[in-house]
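Hello,

Please look it over, then read the notes below.

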Amino acid sequence: MKVAYVLDNFDRGGIGVLLLDTCELAQNNDLDLILISLEKGGSLEKEFENSKCKLIKINRRIPLDLKIIRSIRKIIKEENIDIIHAHQ
């Protein structure tokens, strides 16, 4: 099963630490995780790159970027995503 997590960035925080653990556990449970970051960079980016999860970085324009919807939709189709989980 392919699961995509959409998050703001790869900064250290609750979701960052949770997703690092989730990436590790997913491998043991036949889950294919894809992490979609709406911003490039972050203090945990290197650790995520070393995990076995696929990373996709989108360069969102602040405060409102309606083109991001098209970008995420394209990723969902190309990667055949089954479930999308989003964090803010």
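Which element of the chain has the lowest mean pLDDT, and which the highest? Helix 1 (residues 14-28) has the lowest, at 88. Helix 3 has the highest, at 95. Keep in mind that this is a predicted model. Over the chain, the mean pLDDT is 90. Of its residues, 99% reach 70 or more.

Next, the disulfide. The search of the whole structure turned up 1. Cys23 is joined to Cys53, with an S to S distance of 2.2 Å. Cys23 sits in helix 1, while Cys53 is in the loop between helix 2 and strand 3 (54-57), so the pair ties together parts that are 30 residues apart in sequence. The torsion about the S-S bond is about -130°, so this disulfide is left-handed. Both Cys23 and Cys53 are buried.

Two more residues to check. Asn50 belongs to helix 2 (residues 45-50). Is Asn50 buried or exposed? Asn50 counts as exposed, because its relative accessibility is 68% and the cut-off for exposed is over 50%.

Glu79 is in helix 3 (residues 67-79). Its relative accessible area is 13%, so Glu79 is buried. Leaving out residues up to four places away in sequence, Glu79 touches Lys2, Ile34, Lys54 and Ile56.

Best regards

How values were computed
Residues are numbered from 1 along each chain as its sequence is written. This is a predicted model: local features need pLDDT of at least 70, side-chain atom pairs count only at pLDDT 80 or more; totals for chains, interfaces and linings use all residues. Side-chain values use heavy atoms; hydrogens and water are left out. Helices (H or I, at least four residues) and strands (E, at least two) are DSSP runs, numbered from the N terminus. Buried means under 20% relative accessible area, exposed over 50%, partly exposed in between (1.4 Å probe, protein chains only). Contact means heavy atoms within 4.5 Å. pLDDT is the predictor's confidence in each residue, from 0 to 100. A disulfide is a pair of cysteine sulfur atoms within 2.5 Å.
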